[in-house]
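Subject: Structure handover

Hello,

Here is the structure I promised to pass on. Please open it before you read my notes.

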Amino acid sequence: MVAAWVLRDFAKPLLEKIPWIVRDAAHFEFDDKWFGQQAVYRLFFGVMSLVMLGVKYRGDKRDKYLHHGNPLLKLVLWLLFTTLPFFFPNPVVDAYAHVARVGSGIFLVIQMVILLDFVQMWNETWVGYAEEEPSWYWALLAVTGAAYAGALTLTGLMFYWFKPMAAGSCSFNVTLITLALLVVVLMTAVSLHPAAKSGSIFPSAVIGLYCTYLCFSALQSEPKDYVCNGLAKQITAASGSTLALGMLATLSSVVYAAFRAGSNTSLFTLEGSEDGGDLEIGEQHTALLSEAGLTATSAGLDGAPVAAPTSSGAKADTTDFTPVSYNYAFFHLIFALASMYIAMLMTGWGSSMQDMDRIDIGWSSVWVKTGSLWVTSLLYVWTLLAPALFPDRSFS
């Protein structure tokens, strides 16, 4: 992410010296922003996901030598796969840019699913605590009230910042802010409806606050010269600390979502396809070894000593058949999607309006975040109504 940020703003002198990049672009006029986009698009990661396909047990050499061990080897491979894309011709990179737009959309949906799962788990955990200690109900009430207060406060600030007095009607901004407020009201009403048996006002408040933030983030992404973007006139290029904090918050949320999604494979697998089947296979391997008079061990990977052969002349199979705790290929795929999303943030989703020292600015970003607001709210309403609409199915 840091490399993409630096290369976007300062890669032009380097790319100008690479003949196949400049030669392929000779038929049109290019500027600093074009060079920045080319540099960002050449930082993509997906090879590790392919390499890790089929890793089911901790005894797999790919687990030992690539995923969990050999940091020096991983550093060398990282440098290799970071350098190699700069030898690709421009048409390949342009094709990747189109793929990255799709991959970024998938990553955004994954972020939404993670948020919904986190909020529901938060609610269930605190309700469980409250059943033993009623004072937890006050904590739930306090967070719920704070979330609604935050949503209302942010809504008022958006009317102040994005509907300046001298800017005219600013109908687009006013409509988007009003609809975001109605979304909060609608989600609250649905969660309180008798049909939503698993509904609760606490998740509605937190998701409502997040949707309000998405609305604010969308309006903040409007071009700085847009007359209705009053906040852009207050946050100038001189406000370096403000811009840095905003970028850091954005990138931190991406990192958290990638780690959370990559290591939580069960959240994105169909019923009956989780790793429980691998556990049974591992137990079958262990049983077969026991019948042969051998002992399955972890080859010292878990700190336990390697077992000695149980019979003379027999060599124990020290392969560890313990199933991995998550899908390694899926873990690296999530980070590949995250790298696509970062590329879109850095380039304004391929927009030519992305300025130096800024990320995620332009009308493309506005519409992506607006879409995220609607998808998030629809997903949450679906989680409330789906059990009532399909009573024969399990949504646990």
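Below is what I found, element by element.

First, a caution: this is a predicted model.

Start with helix α15, residues 328-347. It has 20 residues, which should span 28 Å at 1.5 Å a residue. The end C-alpha atoms of α15 are 29 Å apart, so the two values agree. Of its 20 residues, 18 are buried, so α15 is largely enclosed by the rest of the structure. N327 caps the N-terminal end. There, a side-chain oxygen of N327 lies 3.0 Å from the backbone nitrogen of A329. After α15 comes G348, with a positive phi near 60°.

Next, the nonpolar cores. The largest has 31 residues. Within it, I207 and C215 touch the most other members. The top contributor is α11, with 9 residues. Leaving aside residues up to four places away in sequence, C215 touches M158, L176, I177, A180 and L373. Another core, of 25 residues, lies apart from the largest one. Its members include A97, F107, M340 and L345.

Last, Q111. This residue is found in helix α8, residues 90-132. Is Q111 buried or exposed? Its relative accessibility is 15%, and the cut-off for buried is under 20%. Q111 therefore counts as buried. Beyond residues up to four places away in sequence, Q111 touches S253, V254, A257 and Y341.

Best wishes

Note on methods:
Residues are numbered from 1 along each chain as its sequence is written. This is a predicted model: local features need pLDDT of at least 70, side-chain atom pairs count only at pLDDT 80 or more; totals for chains, interfaces and linings use all residues. Side-chain values use heavy atoms; hydrogens and water are left out. Helices (H or I, at least four residues) and strands (E, at least two) are DSSP runs, numbered from the N terminus. Buried means under 20% relative accessible area, exposed over 50%, partly exposed in between (1.4 Å probe, protein chains only). Contact means heavy atoms within 4.5 Å. A nonpolar core is a set of buried Ala, Val, Leu, Ile, Met, Phe, Trp, Tyr and Cys residues joined through side-chain atoms within 4.5 Å. The expected span of a helix is 1.5 Å times one less than its number of residues. A polar contact is a pair of N or O atoms within 3.5 Å; within protein, one must be able to donate a hydrogen and the other to accept it, and residues adjacent in sequence count only if both atoms are side-chain atoms.
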